[in-house]
Amino acid sequence: MSRLEAKKPPLFITEPLTADGVSQSLSLLSGILKSCYGPAGRLKQLHNGVGGYVCTTSQSSAILSRLAVSHPVLGVLMASVQSHVSRFSDCGLFTAILCCSLIENFKSLNVAPCTVIKISKHLLSLCMDYLKSEACGCRVAVDFSSVETLLCLVRSVLRSKPACMLNKTEVDHLTTLILKAFLFAVPCHAESNAVLGKCVIVPMKGRRVMDSAVLPGLLIETPEIQLAKPLTVKRTCSDMIKIALFCVSMSGDSFNPKEGTITVHHGISLEMSELNQLLNVGKQLVNDDVGLVVCQKVIHPSLKQYLKENGVIAVDRAGLSLMEPLSWMTGSKPIASTHDLSPSCYGSLKDVCIETFASKNFMHLIPNDTVVCSLVLCNRNETAWDELKRACETAEHVLQLTLKEPLALLGGGCTETHLASYIRHKSCSLSTSSFEDIDCSQTQYQLVTDGFCRSLESVARSLNHDDGEILTDMVYGHCWFVPPGFPFVSSWSDLVSKCGCGINGNGENLKWRLLQGQFGSPVIQDCPKEPLVEVADLLTLDCYAAKCSGLQVALETANLILDLLYVIKDQN
């Protein structure tokens with residue numbers, strides 16, 4: 001008999017942000033995430049204490065899902081960022097770093113949390129109104145009639161993932177492939193209820209990145225098919241290939257004793273009965289002029305042989321992941337029973353052929369309309385391939401979000417410093433009635449504004465991992481990186497060539513200031529100007545929807561954590 005223990009009362013933690021170790025843990029988490037940020041971010045190796053798979057990455061989706069935190073405050077922060085990443089795939093590190101910086105800066109102010117929250121909400125509304133306005137100086141319109149901006153978006157995602165181990169040529173090659181795959185998935189005919197297609201990634205680990213390719217349609221690995229033999233497929237009178245898609249086992253062992261009992265008469269073989277039923281299905285498929293049968297599970301060898309003798313190609317063990325794209329691509333309905341076969345379930349294909357990649361044979365199903373494509377993704381080793389797969393999925397999602405809202409934001413820290421410059425300018429011109437509406441003093445407003453702007457600038461500073469100076473110009477409010485090893489000089493123009501996003505050069509007579517970390521920066525009196533936007537090959541861009549969401553999530557999460565008065569923990 002187990003020993004009975006008295007139920008313990010819940011543990012009440014008052015003002016959790018002031019608890020021992022929370023500030024230290026928050027600072028440690030912030031340092032880990034900042035060190036991963038950007039193209040020069042440092043990699044992290046994540047593994048558990050008992051061995052197993054080791055993940056080498058700098059991506060927030062991989063890091064946050066593998067980090068275990070014990071304090072509820074950090075749990076709230078990480079859950080909030082993970083929710084953002086699950087919806088947008090991009091700007092996870094931006095969101096987490098900004099949130100940590102906002103908490104640290106706001107907590108250090110001698111201002112009541114309720115006042116900080118009211119002022120910060122007002123600052124967020126200023127930022128969002130500016131980002132949505134036509135006058136926004138850090139926003140770029142995306143023209144889908146030209147591919148330059150789209151290429152910049154994809155290239156920026158790939159370049160920010162150093163664990164992919166890509167050189168410039170490989171980045172350019174994959175950028176083109178990802179964009180091509182995305183365009184394959186966009187419906188050719190505009191409809192009110194149009195749905196984007198799907199890109200299926202085919203893994204090729206241990207191969208050169210330059211061997212990667214995009215093919216319309218689907219690739220199904222078929223090791224039993226010999227490449228030397230010509231592939232003959234039965235066609236209909238309209239020169240199409242009719243396809244039947246089965247999501248049920250066709251191995252002849254569909255009866256499961258655990259599901260109930262069955263009565264078999266004397267002299268009747270259950271196995272032969274099942275096989276005869278399968279052969280009857282095969283006869284109907286042949287009579288209906290089906291040229292290709294794809295089964296999610298296993299096909300009985302006798303049925304396979306019968307179909308082959310009658311000119312029908314049979315592919316089994318296709319797997320669950322291919323069922324949905326196969327159904328989309330061919331118009332077929334997955335058949336869930338071998339006892340009820342309707343010709344209305346059949347789909348069609350334009351052609352079938354054999355493709356070979358890295359000594360593996362694949363059956364290439366070519367559709368009538370390309371709504372599904374296959375990206376044969378290659379990389380040197382398993383670790384780099386896993387990171388590249390995540391990066392490609394992120395880039396694809398960024399393009400989908402951009403299709404819905406055709407805008408992009410300047411990357412390389414320029415949006416953050418430009419926004420900080422804009423907010424500092426706006427805070428100087430706020431009327432007395434505005435302070436009354438917010439219910440705060442001018443001093444409180446300026447303190448919170450300064451903390452907010454320093455938090456934005458801290459994200460830009462996180463891109464620098466080599467101890468060089470970081471500048472912002474007094475005209476456009478963009479971010480500039482000085483190479484390490486140079487002392488403070490009066491003429492920074494000799495040391496910088498382009499801003500972080502690549503849109504501005506140092507040809508103009510610009511004035512500079514240092515981003516000073518925890519110390520206040522001089523206020524730009526004039527509103528930062530909008531640069532003349534010309535999309536260049538090396539322009540760094542960020543996803544508009546993901547970054548706007550990240551800004552909102554970071555501030556709202558910081559406010560939620562600042563507003564926490566109690567944490568109640570069950571100790572039983």
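Tutor: First, a cut-off. A residue counts as buried when its relative accessible area is under 20%, as exposed when it is over 50%, and as partly exposed in between. Keep in mind that this is a predicted model.

Start with Arg 424. Its relative accessible area is 3%, so Arg 424 is buried. Its salt-bridge partner is Asp 450, with 3.4 Å between the closest N and O atoms. This pair ties together distant parts of the chain, 26 residues apart: Arg 424 sits in helix α12 (residues 414-428) and Asp 450 in helix α14 (residues 442-461). Asp 450 has a relative accessible area of 22%, so it counts as partly exposed.

Now widen the view. Arg 424 and Asp 450 belong to a network of salt bridges that also links Arg 454, Glu 457 and Arg 513. Across the structure there are 19 salt bridges.

Take two further pairs. Arg 208 and Asp 211 meet through their side chains, at 3.0 Å from N to O. Arg 208 is exposed because its relative accessible area is 53%. Asp 211, at 28%, is therefore partly exposed.

Arg 139 forms a salt bridge with Glu 134, and here the closest N and O atoms are 3.6 Å apart. At 12% relative accessibility, Arg 139 counts as buried. Glu 134 is exposed, with a relative accessible area of 70%.

Arg 139 leads on to a sheet. That open sheet has 3 strands in the order β4-β15-β19, paired antiparallel. β4 (139-141) and β19 (541-543) are the edges; each has a single partner strand, so one side of each lacks a neighbour in the sheet. From one strand to the next, the twist averages 45°. Look at the pairing inside. Strand β15 (residues 407-410) is joined to β19 by 3 bridges. Ala 408 stands opposite Cys 543 in β19.

Helix α15 covers residues 544-562. It has 19 residues and 16 of them are buried, so the rest of the structure largely encloses this helix. At 1.5 Å a residue it should span 27 Å, and its end C-alpha atoms are 27 Å apart, which agrees.

Leu 565, Tyr 566 and Ile 568 make a nonpolar patch of about 330 Å². Tyr 566 lies in strand β20 (residues 566-569). Its relative accessibility is 47%, so Tyr 566 is partly exposed.

Helix α6 takes up residues 148-159. Of its 12 residues, 10 are buried. Among them are Leu 150, Cys 152, Arg 155 and Leu 158.

One more sheet for comparison. It is open, with 3 strands in the order β7-β13-β12 and antiparallel pairing. Thr 356 stands opposite Asn 361 in β13. The hairpin of β12 and β13 has 2 residues between the strands, and Ala 358 takes a positive phi near 50° there.

How values were computed: Residues are numbered from 1 along each chain as its sequence is written. This is a predicted model: local features need pLDDT of at least 70, side-chain atom pairs count only at pLDDT 80 or more; totals for chains, interfaces and linings use all residues. Side-chain values use heavy atoms; hydrogens and water are left out. Two strands pair if DSSP finds at least two bridges between them. Helices (H or I, at least four residues) and strands (E, at least two) are DSSP runs, numbered from the N terminus. Axes are lines fitted to C-alpha atoms, for helices over the stretch in contact, and angles run from 0 to 180 degrees between N-to-C directions. Patches are made of residues with over 30% relative accessible area and no salt bridge: like charges are joined within 9 Å, nonpolar side chains (Val, Leu, Ile, Met, Phe, Trp, Tyr) within 5 Å. Accessible areas come from the Shrake-Rupley method with a 1.4 Å probe; for residues, only the protein chains shown count as cover. A salt bridge is a side-chain nitrogen of Lys or Arg within 4 Å of a carboxyl oxygen of Asp or Glu. Buried means under 20% relative accessible area, exposed over 50%, partly exposed in between (1.4 Å probe, protein chains only). The expected span of a helix is 1.5 Å times one less than its number of residues.
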